[in-house]
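Please read this briefing alongside the sequence and the model. It gives an overview for a reader new to the structure.

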Amino acid sequence: MSIIHVDHLSKRYPVAIKQPGLKGTLRHFFRRTYRYIEAVQAISFEIQPGEVVGFLGPNGAGKTTTLKMLTGLIHPSAGQVQVAGYTPFQRPVDFLHQITLVMGQKQQLLWDLPAMDSLRINAAIYGLSDKEFRYRVAELAEMLALADKLSQPVRKLSLGERMKAEMLAALLHRPQILFLDEPTLGLDVNAQVAVRSFLQEYNRRYGATVLLTSHYMADITALCERVLLIYQGQLIYDGSLDKLLEQFAPYREVKIELDCQVNAEDLASYGELETFEGCVASLIVRREALTQTVARLLADLDIKDLTVTDPPVEEVIGRVFQAGAIA
Ligand SMILES: Nc1ncnc2c1ncn2[C@@H]1O[C@H](COP(=O)(O)OP(=O)(O)OP(=O)(O)O)[C@@H](O)[C@H]1O
């Protein structure tokens, strides 16, 4: 049975329109007019317990709005949503014990206090015993390699350490469902890798369900087999990342270093010759013809080195959003 059930969920934001100048201000004060933004439009999906799903879309596509509806921060305008059997916007206490929302651009830890003090507050809110508190902090701090950082004021932590401490605070009550909105935002590559590995380990250890937005494709490729693509408020893809890449990147790049006797015309018979400089050539080959083409290249030519690369995932997803739909 699915742990997240979303059925034709929509959110429409009213935005007051104000004309410029004093007249506009007075009119705005007495008689407001509104326009409406259809931020999320009738999206439907199911997520099973333990799944890690990437939620992708360009800026303003409706990702944060969806996460806010799933965590009960805002009411949907229409549609149904059930998370762990609860209706999120009713915010029942049992529901709040099962979920967490981490937003990369927001922080819950108190700036001037050591993270440990904020953790104690969270422990009190969630009713953890002292023993549970110590055990969980020790366990998570070890997983996050953060143990010696919890006693210094949060403002003195590096961005990566602060994000890990935020993660610790958000997971202290051991939620089963994690909503993560850009959890690696602004982190350097090492810190991104550390947060990713931690999430993998948390998911493995507790069988937690994760719905994750990120503009860093490395987060998505490392963590998510399945992705949801949202574009202008509409869900345009729900399926495996591999299938999406196959569909939108039907080509591979084959780079070869060879004996310079070969001329460009000969090489063009193996695929689309993208570049040929010195003794290094780059060929674009359709995925389905890849094995056969590589075999022919190796048999026919004196090849010193050969590499096959996929186009970057960013580029492929960008292409999907440019098209605005999945064919
Ligand atoms: N409180 C609000 N009032 C009015 N419009 C809003 C509000 N919050 C978001 N919007 C609008 O709703 C649309 C979706 O915004 P949302 O923040 O959900 O997008 P997003 O996919 O999370 O974008 P980003 O990747 O930039 O964070 C945008 O057009 C945004 O301007």
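Residues are numbered from 1 along each chain as its sequence is written.

**Confidence**

- The protein chain has a mean pLDDT of 91, and 99% of its residues reach 70 or more; pLDDT is the predictor's confidence in each residue, from 0 to 100.
- Among the chain's elements, helix α1 (residues 21-30) has the lowest mean pLDDT, 80, and strand β4 (residues 78-83) has the highest, 98.
- Where pLDDT is low, the predicted coordinates should not be read in detail.
- For the complex, the predictor gives an ipTM of 0.97 and a pTM of 0.86.

**Overall form**

- The protein chain contains 12 helices and 13 strands, which are DSSP runs numbered from the N terminus (helices: H or I, at least four residues; strands: E, at least two).
- The radius of gyration of the protein chain is 25 Å, whereas a compact globule of 327 residues would have one near 20 Å; the value is taken over C-alpha atoms, and the globule rule is 2.2 Å times the number of residues to the power 0.38.
- The C-alpha trace spans about 75 × 60 × 45 Å along its principal axes.
- Of the 327 residues in the protein chain, 33% are buried (20 or more other C-beta atoms within 10 Å of the residue's own, with C-beta atoms placed from the backbone).
- Among contacts between residues at least 6 apart in sequence, 70% join residues at least 24 apart; a contact means C-beta atoms, placed from the backbone, within 7 Å.

**Ligand shell**

- Tyr 13, Val 15, Ile 37, Ala 39, Gly 57 and Asn 59 are among the residues that surround the ligand, as are Gly 60, Ala 61, Gly 62, Lys 63, Thr 64 and Thr 65.
- β1 (4-17), β2 (33-47) and α2 (63-70) each supply at least two residues of this shell, and α2 gives the largest share, 3 residues.

**Helix α6**

- Helix α6 (residues 159-171) has 13 residues and reaches 18 Å from its first C-alpha to its last, close to the 18 Å expected at 1.5 Å a residue; the expected span is 1.5 Å times one less than the number of residues.
- This helix is mostly covered, with 11 of its 13 residues buried, including Glu 161, Arg 162 and Met 163.
- The buried residues of α6 pack against β5 (99-103), α4 (115-125), α5 (130-144) and α7 (189-206).

Note on methods
Predicted model: local features only at pLDDT ≥ 70, side-chain atom pairs only at ≥ 80, totals over all residues. Near = placed C-beta within 6 Å. Buried ≥ 20, exposed ≤ 12 C-beta atoms within 10 Å, placed from the backbone. Contact = placed C-beta atoms within 7 Å.
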